[in-house]
Amino acid sequence: MFLKGLQDKFKVKSGLKYLKEEMEKPPRSVTREKGITSIGCIVDVDNFPKAEAFYELIDEFELRPNAIKIIGYKREYDKNSPYAIQMYSDKDLGWKGEIANGYVLEFLGREYDMLINYYEVDNLMMKLLSVKTPARLKVGLAAQDPKVNDLILNTPLNDFKLFKSELKKYLKILNEI
């Protein structure tokens with residue numbers, strides 16, 4: 001048990017080092033055209049349990065039904081419990097910032113026009129996924145590190161309706177919709 005704790009500590013240290021290196025690099029360019037046709041969402045399910053609300057963006061932006069991919073982060077979860085969305089947790093942290101979870105690999109396998117980082121806490125796992133996800137435009141909340149996102153909306157986490165209206169307003173300004 002002692003060795004497991006020590007190993008986890010070194011994994012976190014390794015992940016933080018990887019994250020720092022990735023944030024210092026210039027962002028990877030994504031060669032997608034202007035306009036929003038696919039959206040990836042990283043949601044902190046511990047603090048915002050209604051992650052399915054992001055499917056409302058399909059109607060809001062007139063997208064295809066499979067245009068939104070949501071992955072939820074939960075500090076600890078039971079893999080046998082049914083969740084409406086795909087999940088990952090702290091247990092999935094590997095060496096050098098790798099996230100060993102099939103859902104995460106599937107999420108990272110796609111390019112997105114927009115990535116929504118819907119979390120307020122400064123969490124290694126969510127930041128790692130945010131940095132690794134290929135997206136042309138990254139949107140987040142004000143409590144996050146500004147190096148992770150291109151557009152930061154100052155809305156509370158629990159007011160999704162306000163977030164949705166602000167997002168639509170700024171995407172119109174940026175000529176994305």
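This is a predicted model: local features need pLDDT of at least 70, side-chain atom pairs count only at pLDDT 80 or more; totals for chains, interfaces and linings use all residues.
Of the 177 residues in the chain, 48% are buried.

The protein chain comprises five helices and six strands. Read from the N terminus, these elements follow the order α-β-α-β-β-α-β-α-β-β-α. The radius of gyration of the chain is 16 Å, close to the 16 Å given by the globule rule for 177 residues, so the chain is as compact as a globular protein of that length. Along the principal axes, the C-alpha atoms fill a box of roughly 55 × 40 × 30 Å. Among contacts between residues at least 6 apart in sequence, 63% join residues at least 24 apart.

Strand 1, which spans residues 39-44, is mostly covered, six of its six residues being buried. In a regular strand, side chains alternate between the two faces of the sheet. Both faces of strand 1 are covered. One side presents Ile39, Cys41 and Val43, and the other presents Gly40, Ile42 and Asp44, all of them buried.

Strand 1 is paired with two other strands. Strand 2 (residues 68-73) runs parallel to strand 1 and is joined to it by six bridges. Within this pairing, Cys41 stands opposite Ile70 of strand 2. Strand 4 (residues 112-118) also runs parallel to strand 1, and five bridges connect these two strands. Here Ile39 has Met114 of strand 4 as its bridge partner. Ile39 and Cys41, which take part in these pairings with strand 4 and strand 2 respectively, belong to one side of strand 1.

When neighbours within four places in sequence are set aside, the contacts of Glu176 are with Lys34, Gly35, Ile36, Arg136 and Leu171.

Conventions: Residues are numbered from 1 along each chain as its sequence is written. Side-chain values use heavy atoms; hydrogens and water are left out. Helices (H or I, at least four residues) and strands (E, at least two) are DSSP runs, numbered from the N terminus. The radius of gyration is taken over C-alpha atoms; the globule rule is 2.2 Å times the number of residues to the power 0.38. Buried means under 20% relative accessible area, exposed over 50%, partly exposed in between (1.4 Å probe, protein chains only). Contact means heavy atoms within 4.5 Å. Two strands pair if DSSP finds at least two bridges between them.
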